[in-house]
Amino acid sequence: MAWERNVVIKSQPEIEIMQAAGRINALALKAVREAIRPGVSTAVLDKIAETVIRDHEAIPAFLGYPGPTPYPGTINACLNEEMVHGLPSARTVKEGDLVSIDCGTIYQGFVADSAFSVGVGEVSKEVKQLLEVTEKSLEIGISKMLAGNRVGDVSAAIQEYVESFGYHVPREYTGHGVGRTMHEGPQVPNYGLPGRGMVLRPGLTIALEPMVLVGTPRTKVLSDQWTVVSIDGSHTAHYEHSVAVTEGKPLILTQV
Ligand code: MG
Ligand code: MG
């Protein structure tokens, strides 16, 4: 992957800016989470995130992002079988839906990237478990982001935990370094082998993002050219934090 040639170690002042970016991104996601209820459209959620970001003199990182067409929104808004890159629209969310929101913010030249999934109102037991397992898999992955560990240690820990529930991780979509650009090295898959891959060093900043699918690891892209769905229509969930490797414990950048 070309990304691996673009690994950038950040200085302490740069990490502090990334923390500020991450805080704004977290405030945007918090506002979106509070607005999720039956009947709200994903376009309204998108506007809420954009307003919070711009009110903090920051820029939505996803808006205009290069792709098959420039990305048209501030957030990715996915429902149920949609995993990532769902386009905000007039479509409304319903009781029982599983909603996944991903958002990026650029502040003083640095990017923050973070995502969460949540159930709307009462959700099935199956959805509830999927949400818990996906969130926990992110926590487990972060706990392995220690200086001296390797990328594969992080990847393998996520994969092992997710698969122990019979769930799947995708192969085509991965975590990634994050910094002055949204995607830099190293690539951090949600599957792998312990002891393999790049050694983690203090100053490395990674957007770790387990995506979990109930029925299959396989995905496809819809005809809008952006939305990625599970190929079997089963539910998927997605949690993400931008995290710095330090001399000590991993530092989550995208939190309030
Ligand atoms: Mg993201
Ligand atoms: Mg990301």
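Predicted model: local features only at pLDDT ≥ 70, side-chain atom pairs only at ≥ 80, totals over all residues.
Residues are numbered from 1 along each chain as its sequence is written, chains are lettered from A and ligands numbered from 1 in the order in which they are written, and side-chain values use heavy atoms, with hydrogens and water left out.

**Metal site.** For ligand 2, I listed the donors (N, O and S atoms within 2.8 Å of the metal, or 3.2 Å for Na, K and Ca; water is not among the atoms, so sites may look incomplete). They come from Asp113 (OD), His176 (NE2), Glu209 (OE) and Glu240 (OE), at 2.1 to 2.2 Å, and their spacing in sequence reads D-x62-H-x32-E-x30-E. Asp113 sits in strand E5 (residues 110-119) and His176 in strand E6 (residues 175-177), so this pair ties together parts that are 63 residues apart in sequence. Strands here are DSSP runs of at least two residues (E) and helices runs of at least four (H or I), numbered from the N terminus. Asp113 and His176 are both buried, where buried means under 20% relative accessible area, exposed over 50% and partly exposed in between, with a 1.4 Å probe and protein chains only.

**Sheet.** I then traced an open sheet of five strands in the order E7-E6-E8-E13-E14, with antiparallel pairing, where two strands pair if DSSP finds at least two bridges between them. Its edge strands are E7 and strand E14 (251-252), each of which pairs on one side only. Strand E13 (residues 241-244) and E14 pair in the antiparallel sense over two bridges, and Val243 stands opposite Ile252 in E14.

**Backbone.** Which peptide bond is cis? I found it from Gly185 to Pro186, with omega near -5°, and Pro186 belongs to strand E7 (residues 184-188). I also recorded that Asn80, although not a glycine, has a positive phi of about 55°; this residue lies in the loop between strand E2 (75-79) and strand E3 (82-84) and is buried, with a relative accessible area of 16%. His85, likewise a residue other than glycine, has a positive phi near 65° in the loop between E3 and strand E4 (98-107), and is partly exposed at 26% relative accessible area.
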